[in-house]
Amino acid sequence: MPEQKPLIVMRSGPIPGSSFYLEKTEVTLGRDLANDIPVPDQEISRRHARFVTRTDGVYIEDLGSTNGTFLNGVRISSPQRLNNGDLITLAEATVMSFEWPDQAKTPTYSAYPVEEPVPQPMPAAPQAVYQPAQKPVPQQPLAPEPTPELKPRTPWYSNFFILLLIAIIIIMVIVIFMPTSWWCFFSANRIPGCPVN
């Protein structure tokens, strides 16, 4: 009788329905194509987690991923032993199940997606996903950022009035101090006291 090998079935995520057999002692999964199980999802780390087969069973271990690995809804921080039907969630959207297939079925590929998904028995009852309540982290008030001092914008008409005032002053100075000969010139000698041509 062929040796029974554990199976990972992707229930939801970028490639739902894909199946992967764990034939090696250590099988890595992540976004990087160099992993034994590549998962093309930007929420998943390059080397996200790994499956380790030991004498007492198969364990899953998070490899310091950014968005975490969850076993039956609980985030793991150390290697956890897997049982038939356990749900593994990577980040938020990728859900896989750990299963021991029927011994009569032989794997088509090793740690690569099966072209046609092998029908697998579903767990008798869906398992509730438990997420422990997280204590709110007290946040310290942020110091207000210093606002840059804005210089008041000068309206365009204030500059216009300043120029007009300067022009009026210049004209008044010219008119007051203009010699008499200029007055006669500009008036075409019509002012009394101007020489008559």
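Is Arg50 buried, partly exposed or exposed? Arg50 is partly exposed, with a relative accessible area of 22%. On this scale, buried means under 20% relative accessible area, exposed over 50%, and partly exposed in between (1.4 Å probe, protein chains only).

This is a predicted model: local features need pLDDT of at least 70, side-chain atom pairs count only at pLDDT 80 or more, and totals for chains, interfaces and linings use all residues. Residues are numbered from 1 along each chain as its sequence is written, and side-chain values use heavy atoms, with hydrogens and water left out.

**Confidence**

- The chain has a mean pLDDT (the predictor's confidence in each residue, from 0 to 100) of 76.
- 63% of the residues reach 70 or more.
- Among the elements of the chain, E9 has the highest mean pLDDT, 92.
- The lowest, 69, belongs to helix H2 (residues 180–186).
- Residues 103–115 fall below 50.
- Beyond near neighbours in sequence, that stretch still has 25 contacts (heavy atoms within 4.5 Å) in the model.

- Helices (H or I, at least four residues) and strands (E, at least two) are DSSP runs, numbered from the N terminus.
- Two strands pair if DSSP finds at least two bridges between them.
- An open sheet of 5 strands runs in the order E4-E3-E5-E6-E9, with mixed pairing.
- Strands E4 (37–38) and E9 (80–81) stand at the edges with a single partner strand each, so one side of each has no neighbour in the sheet.
- Strand E3 (residues 26–30) and strand E5 (residues 49–54) run antiparallel, joined by 4 bridges.
- Within this pair, Glu26 stands opposite Val52 in E5.

- Strand E7 (residues 69–71) pairs with strand E10 (residues 87–90) in the antiparallel sense, over 3 bridges.
- Thr69 has Leu90 in E10 as its bridge partner.
- E10 also runs antiparallel to strand E11 (residues 94–99), with 4 bridges between them.
- Here the bridge partner of Leu90 is Thr94 in E11.
- The hairpin of E10 and E11 has 3 residues between the strands.
- In this hairpin, Ala91 takes a positive phi near 60 degrees.

**Salt bridges**

- The count comes to 5 salt bridges, each a side-chain nitrogen of Lys or Arg within 4 Å of a carboxyl oxygen of Asp or Glu.
- Arg11 pairs with Glu99, the closest N and O atoms being 2.3 Å apart.
- Arg11 lies in strand E1 (residues 7–12) and Glu99 in strand E11, so the pair ties together parts that are 88 residues apart in sequence.
- Arg11 is partly exposed at 31% relative accessibility, whereas Glu99 is buried at 4%.
- Arg50 in E5 bridges to Glu26 in E3, with closest N and O atoms 3.2 Å apart.
- Glu26 is partly exposed, with a relative accessible area of 36%.
- Glu61 also bridges to Arg50, at 2.8 Å between the closest N and O atoms.
- Glu61 lies in strand E6 (residues 57–62) and Arg50 in strand E5, so this pair links parts that are 11 residues apart in sequence.
- Shared partners join Glu26, Arg50 and Glu61 into one network.

**Nonpolar surface patch**

- A nonpolar patch on the surface includes Phe160, Leu164, Ile168, Met172 and Phe177 among its residues.
- Together, the patch residues have about 1000 Å² of accessible area.
- Ile168 is found in helix H1 (residues 156–177) and is partly exposed, at 41% relative accessible area.
- Patches take residues with over 30% relative accessible area and no salt bridge, joining like charges within 9 Å and nonpolar side chains (Val, Leu, Ile, Met, Phe, Trp, Tyr) within 5 Å.
- Accessible areas come from the Shrake-Rupley method with a 1.4 Å probe; for residues, only the protein chains shown count as cover.
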